[in-house]
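Below are some notes for a colleague who is opening this entry for the first time. Please keep the sequence and the model side by side while reading.

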Amino acid sequence: MRSAFFIPRVLIGFALSLISVALALFAFGLTPLNNSNSLTDTQGWFHQLASALGVHLDSQKLASLPAPKGGGAGVPLSKIPGEPLQGTSQDQTAANYTGPHNNFRPVEAVHTRPLRQLPKIPPALAVRREVREPARPKPPTDTPSGGFKQTLPGPVLSAPTPTGVSWDGVGVGLAGFVPSSNPPDTNGRVGAKQYVQWNNTSFAVFNKTTGALLYGPAAGNTLFQSLGGVCATHNDGDPVVAFDILAGRWILSQFVVGADPEFSHQCVAVSQTEDATGAYFLYDFVTDPANFVDYPKIGVWPDGYYMSGHVFNSTGTAFLAGRIFVFEREKMLKGLPARQLQADLKRYANKPQFGFLPSDLDNLTPPPAGEAAFVIGPHPTSTNRLASARVAVTWGGAPRIRLTESLIAETWGIPPCVNDTDAGDHRDCVPEPAPATPADYIDNLDFRLMYRLAYRNFGGSPVQESLVGNVTVKGGNSNPNHGAIRWYEFRNAGNSTTTPTVFQASTYDPDAAYRWLGSIAMDKDHNIALGYSKSSLSVKPSIFITGRLSTDAPNTLGTEAQVQAGIGVQQAGGNRWGDYSAMTLDPVDQCTFYYTNEYLKTNGQFNWSTRIASYRFPSCTSAPAWGTLTGTVRSSPSNATLSGVVVTLSNGYAGATNANGVYSFLVPPGTYTATAADADRNCTSASPPSPTVTITSGGTTTQNFSMVGTSNLQENGVAIDDATSGNGNGVINSNECVNLNVALKNNGCANATGISATLTTSTPGVTVTQDSSSYPNLAIDATGTNSTPFQIQTSNSFDCGTEIAFDLTLTFPNGSTTVTFTVPTCTGGADQTIPSSVLDANDPTQADRLGRDGQPSGCGGKACPGGGFPGTKRFQTYNFTNSAAAPACFTVTINAATGGAGDIESAAYLNSYNPANLCQNYLGDSGVVGLGTTVGSASYSFTVPAQSNFVVVVNTTGTITASSQFSGTVSGFFDFTPGPGPCPAH
């Protein structure tokens, strides 16, 4: 999501100087007066406490929202009609907008197990949450004046050449993946050994050399399950993948909108090592409690992870601000509590900035110490200016963000929208060949710099810094009109407040085809690669690349090359295309570009594929190869190898030991201090404690460690045995004697010996009749079970369904510990059914229905999503009972034939259902859109109090004659079969 900038004072006064024809190949950025404002934690910025009523999306309600002509934000629009965003209780407009949300409270991190070990949520089973894009701001209406244009192809040798590494990414063609929404939000990044691609709501990890799939595709919120909360339950997309070259870490992020009570969040995962399939530190940053923060783009900078964002009100009807967010990088790399800072960019002529990007570091040479980050974007009222901001932050005890804002005298422009209809939301812009019709033409993504704003520091005296960016503009005269790509190289000389100047800029327009959706980067030799989409009435949407050598004439690019031919055209699908693409640079050789973008294998809608391909300039000489640091980590004195120990260098680069206790990772050449640690294992110290290691280019350095610590005994499963003295159904019932075998695992740093155990419980109606046992000696990572079964007796009056809480006190020669665990009772009752039926004119009616927020309720419940969808709906009810003496979680599964005339939904209520008050007695609901039309099954859960009735409702969501056929099951019931009596006497 986006973060916010405070609004600086108005800055005025820029001067334009005419340039001669002889200098027309160059564009110079002129810097006006600079104005600086700062924000500190002592300025009393408010803390908004907004209460979200829920996220509902409905196409008929959206039709009433304004759809201004022009480019817009990038929230995915699903193929299933969405339901409109409900406003918060403090829904804001431009008139009452109260500014950025600055809460300096550190956000706690959650440390995960390696991603490859976590349960993967298949994309097809992920939450399907419909989020419609906010109303887009109107772009400027003036005409750009001047600027270099290239209307002929450049030299063939000036374009990068393919390396031969190319493969299909997330999309049709990868591991059975089936898209369910448009656009793909194509995004990816290359790291030391891997390539991570995250498209819309699904991601995957590949070997960067072979393209082999290492992990995924998985739903994006798979990554955040350990974090819990809205980052775990939402899967809203708009992802960004970044690689922190200074520390060798991955930064993976997606947004959350429509959360309750705080509306907008950014979910950020920072890898603990350079392995994208390894462990992560997870953060949930609230980016705005009341407003919709859209189109987040993250850039890496030494003092923070900078993020741009567009702030809309919660209903998406008003564009409020362009905002910058900065997350506390130093803390996040260590998994420590981290803060964020926000500031809104200044308005020009009372219009907020839109389509801007933060600088993103591409090479190992960092910016000069303390240098402010760059933010560049279109001027909101003029196509003859770009807006610039230098953003400086300080952390410490008084966090502060400071902006220096100015203008750059440089043109950009608005590309033509060829069909340009209200029906197409003014996205039917880029022509396609038949069988596509003008109504099928696709989005041109106007009014924004396209991801990324890539930064390089070339050093020297004075320092020479370059940033490259691009924007889609109008091409030359043609029929139909077409778009072209204007690209820029900005330069700076190491100053934190100066406005970057335009070193070169040009519009690449070699013919009448439409070129758009660009992404650009620069290699170590100052060569530039630009990737983009290309389409026309004769060219299906395809992926192309061009570039320039550093020795080429300024403002020119070479001949373009086709990366991937489009095989199909998009028909319908909401006219959405891409939203962004990604050109990134291999952090190791600093010469190889990796580009990813969208294409179609066949005609259709919601059937996108993506391609990942690498290119380089043959003349580029690779940077010195990175070296390998490796070693084995053992426990002392046992000498057993230890898995999961993280070895970290003083530059932040890190690797974790595998199952054999061996670690290995790539590191830039240099001399560093190394440390080894694993607090989760109870490892207290390492030997040597902090050795100096020297990494040579292409070489291998070995550094072994010996760890000292204690054992760490954890419960590893409980087996119930009621076959001898109980009723033999495999669960604990009332009036039953049951043997328990409690497995332990030693996840520690030392062997565990001489273990004795005592089992106790305070749960009413339960007596431990055999409470003591010994355990075998447990080596590191070994498991073992009590040598004598523990035995418990439940009374005849035991409340069936109650979880029994146990304490297992373990003693051993050098200490003791207590392991707590719970065991459910009386589970396994037979499922009950909802018979096969159809909703039609024979069923009762209701005048409203629940909104569908894409979040099936869980055992913990959720807030009632409310109604607001008038019209005659048909419904049926089904009654059930929780007969247990304890609360119980039940799961309803509705199975429906697809292809029905309209959607159905389901909800559950305590005791009774009142169709005139949809939130009265509400327990939970299915949440999904498309059940009975495109979705065949939906499950949701909820908790019912002890000995209470509940009602399951199935209803239509619209006015239809008859729904598709449906049926269902309800699970979670109890088995009340009592046991035969007390335990036998010992």
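1. Basis. This is a predicted model, in which local features need pLDDT of at least 70 and side-chain atom pairs count only at pLDDT 80 or more, while totals for chains, interfaces and linings use all residues. Residues are numbered from 1 along each chain as its sequence is written, and side-chain values use heavy atoms, with hydrogens and water left out.

2. Disulfides. The model contains 8 disulfides, a disulfide being a pair of cysteine sulfur atoms within 2.5 Å. One of them joins Cys800 to Cys826, with an S to S distance of 1.6 Å. The torsion about this S-S bond is about -80°, so the disulfide is left-handed. Cys800 sits in the loop between β49 (790-794) and β50 (804-812), and Cys826 in the loop between β51 (815-823) and β52 (832-837), 26 residues apart; strands (E, at least two residues) are DSSP runs numbered from the N terminus. Cys826 is buried at 0% relative accessible area, and Cys800 is buried at 8%. Here buried means under 20% relative accessible area, exposed over 50%, and partly exposed in between (1.4 Å probe, protein chains only).

3. Another disulfide. Cys859 and Cys889 are also bonded, their sulfur atoms 2.0 Å apart. Cys859 lies in the loop between β53 (845-846) and β54 (873-882), and Cys889 in strand β55 (residues 888-896). Cys859 is partly exposed at 43%, and Cys889 is partly exposed at 25%.

4. Beyond four places in sequence, the contacts of Asp975 (heavy atoms within 4.5 Å) include Cys800 and Cys826.

5. Salt bridges. There are 29 salt bridges, each a side-chain nitrogen of Lys or Arg within 4 Å of a carboxyl oxygen of Asp or Glu. Arg576 and Asp443 form one of them, at 3.8 Å from N to O. Arg576 lies in the loop between β30 (561-564) and β31 (582-585) and Asp443 in the loop between β22 (400-408) and β23 (449-457), so the pair ties together parts that are 133 residues apart in sequence. Both Arg576 and Asp443 are buried.

6. Nonpolar cores. The largest nonpolar core has 69 residues, of which Phe490, Phe705 and Met707 touch the most other members. A second, separate core of 53 residues has Cys429 and Trp608 among its members. A core is a set of buried Ala, Val, Leu, Ile, Met, Phe, Trp, Tyr and Cys residues joined through side-chain atoms within 4.5 Å.

7. Ser542. This residue belongs to strand β29 (residues 542-548) and is buried, with 3% relative accessible area. The side chain of Ser542 reaches the backbone oxygen of Lys540 at 2.7 Å. A polar atom of that side chain also lies 2.7 Å from the backbone nitrogen of Gly566.

Notes
Helix = DSSP H or I, 4+ residues; strand = E, 2+ residues; numbered from the N terminus. Polar contact = N/O pair within 3.5 Å; in protein donor to acceptor, adjacent residues only side chain to side chain.
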